Amino acid sequence: MHAGRPFGVILIVEDEWLLRDQAVASFKEAGWDVLEAGTAEGALQHLEAAGDQIHAVFTDIALSGYL
């Protein structure tokens, strides 16, 4: 477990909930504040709302549902 201040905010974008859940847990344990999205649309909403506060994006490169 990470002690002290978080590394920053990471946005995790993964449409398979089990993989997303594992990534979220891993990044939280490493000391990141985590935002998560299951779709590209959800990721874009996070980026529009808090894009200047997001330090990194961890994403699936083949998301379903966005054209």
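**Sheet, helices and selected residues**

Mentor: Let us begin with a pairing in this predicted model. Strand 1 (residues 9–13) and strand 2 run parallel and are joined by 5 bridges.

Trainee: Which residue in strand 2 is the bridge partner of Ile12?

Mentor: The partner of Ile12 there is Glu36. Elsewhere along this pairing, Ile10 stands opposite Val34 of strand 2.

Trainee: What is the order of the strands in the sheet?

Mentor: The sheet is open and has 3 strands in the order 2-1-3, with parallel pairing. Strand 2 and strand 3 (56–59) stand at the edges with a single partner strand each, so one side of each has no neighbour in the sheet. From one strand to the next, the twist averages 20°.

Trainee: And strand 1, is that mostly covered or mostly open?

Mentor: Strand 1 is mostly covered, as 5 of its 5 residues are buried. The cover extends to both faces: Val9, Leu11 and Val13 are buried on one side, and Ile10 and Ile12 are buried on the other.

Trainee: Which strands does helix 1 touch?

Mentor: Helix 1 packs on the sheet and touches strand 1, strand 2 and strand 3. The direction of helix 1 makes about 170° with that of strand 2.

Trainee: Then what about helix 2, which strands does that one touch?

Mentor: Helix 2 (residues 40–50) also packs on the sheet, where it touches strand 1 and strand 2. Its direction makes about 140° with that of strand 2.

Trainee: Stepping back, how many helices and strands are there in the protein chain?

Mentor: The protein chain has 2 helices and 3 strands. Along the sequence, they follow the pattern β-α-β-α-β.

Trainee: Changing topic to electrostatics: how many salt bridges are counted?

Mentor: The count is 1 salt bridge. The pair is Arg20 with Glu36, and their closest N and O atoms are 3.1 Å apart.

Trainee: Is Arg20 buried or exposed?

Mentor: Arg20 counts as buried because its relative accessibility is 16%, where the cut-off for buried is under 20%.

Trainee: Next, the surface. Which residues form a nonpolar patch there?

Mentor: The patch is formed by Leu44, Leu47 and Val57, which together have about 220 Å² of accessible area. Leu47 lies in helix 2 and is partly exposed, with a relative accessible area of 37%.

Trainee: Now sequence separation. Of the contacts between residues at least 6 apart, what share join residues at least 24 apart?

Mentor: The share is 65% in the protein chain. Ala50 and Val9 are 41 residues apart in sequence, and their C-alpha atoms are 9.8 Å apart in space. Leu19 and Asp60 are likewise 41 residues apart along the chain, with 9.8 Å between their C-alpha atoms.

Trainee: Where do Ala50 and Leu19 sit?

Mentor: Ala50 lies in helix 2, and Leu19 is found in helix 1.

Trainee: How is each classed by accessibility?

Mentor: Ala50 counts as buried, at 15% relative accessibility. Leu19, at 47% relative accessibility, counts as partly exposed.

How values were computed: Residues numbered from 1 in each chain as written. Predicted model: local features only at pLDDT ≥ 70, side-chain atom pairs only at ≥ 80, totals over all residues. Heavy atoms only, no water. Salt bridge = Lys/Arg side-chain N within 4 Å of Asp/Glu carboxyl O. Buried < 20%, exposed > 50% of the residue type's maximum accessible area, 1.4 Å probe, protein only. Pairing = 2+ DSSP bridges. Helix = DSSP H or I, 4+ residues; strand = E, 2+ residues; numbered from the N terminus. Axes fitted to C-alpha atoms, helices over the stretch in contact; angles between N-to-C directions. Contact = heavy atoms within 4.5 Å. Patch = residues over 30% accessible without salt bridge, like charges linked within 9 Å, V, L, I, M, F, W, Y side chains within 5 Å. Areas by Shrake-Rupley, 256 points an atom, 1.4 Å probe, with all protein chains shown as cover.
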